[in-house]
Amino acid sequence: MAGIVRKNFDEADETRPFEDGKGRLDLLTSGGGPVGRAVFEPGWKWSQHVKPIAGTDSCQASHVGYVVSGRLNVVMDDGESTEFGAGDFMEVTPGHDAWVVGDDACVVLDWSGFGDYAKASGG
């Protein structure tokens, strides 16, 4: 393995579009596992734009990430909720819905939960 690896999300190893053109997941593979950049467009909601792809009642991915821009509201299956914004670190366990808040795209980097995200039978 090389001592230094350089990759760019604009030339991702894989890109997974969300339903209705409401964004995409750009995925990079690395020796430490996948790293993803999600671009959630205004109006994006997990239960509308990823649930049909994942086939689960709620998102079953565990996320550890960083919000680069925009705002994202996350509601756990038990009703607990919070809103994340630019500069926030986020850690979210499986069993949640989420949606973009406001008129700006929300960009999230995630180094834990995007490997199977927006993939058939995944979170």
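Buried means under 20% relative accessible area, exposed means over 50%, and partly exposed lies in between. The exercises below apply these classes to a predicted model.

**Exercise 1.** Classify R16 and E14 as buried, partly exposed or exposed, and state how their side chains interact.

Solution. 
- Step 1: R16 has a relative accessible area of 6%, which is under the 20% limit, so R16 is buried.
- Step 2: E14 has a relative accessible area of 34%. This value falls between the two limits, so E14 is partly exposed.
- Step 3: Side chains of opposite charge can pair when their charged atoms come close.
- Step 4: R16 and E14 meet in a salt bridge, with an N to O distance of 2.9 Å.

**Exercise 2.** Find the salt-bridge partner of R24, classify both residues, and name the network they belong to.

Solution. 
- Step 1: The side chain of R24 meets that of D26 in a salt bridge at 3.0 Å, N to O.
- Step 2: R24 is partly exposed, at 29% relative accessible area.
- Step 3: D26 counts as buried, at 2% relative accessibility.
- Step 4: Salt bridges link R24 and D26 into a network with D10 and R37.

**Exercise 3.** State how many salt bridges the structure holds, then describe the one between D13 and K7.

Solution. 
- Step 1: There are seven salt bridges in the structure.
- Step 2: In the pair D13 and K7, the closest N and O atoms are 2.8 Å apart.
- Step 3: D13 has a relative accessible area of 43% and is partly exposed; K7, at 40%, is also partly exposed.

**Exercise 4.** Locate W111 and describe its surroundings.

Solution. 
- Step 1: W111 is placed in the segment after β9 (106-110).
- Step 2: Its relative accessibility is 47%, so W111 counts as partly exposed.
- Step 3: Beyond the neighbours within four places in sequence, W111 is in contact with P34, V35, V64, G65, Y66 and F89.
- Step 4: V64 is 47 residues from W111 in sequence, yet their C-alpha atoms are 6.1 Å apart.

Key. Residues numbered from 1 in each chain as written. Predicted model: local features only at pLDDT ≥ 70, side-chain atom pairs only at ≥ 80, totals over all residues. Heavy atoms only, no water. Helix = DSSP H or I, 4+ residues; strand = E, 2+ residues; numbered from the N terminus. Buried < 20%, exposed > 50% of the residue type's maximum accessible area, 1.4 Å probe, protein only. Contact = heavy atoms within 4.5 Å. Salt bridge = Lys/Arg side-chain N within 4 Å of Asp/Glu carboxyl O.
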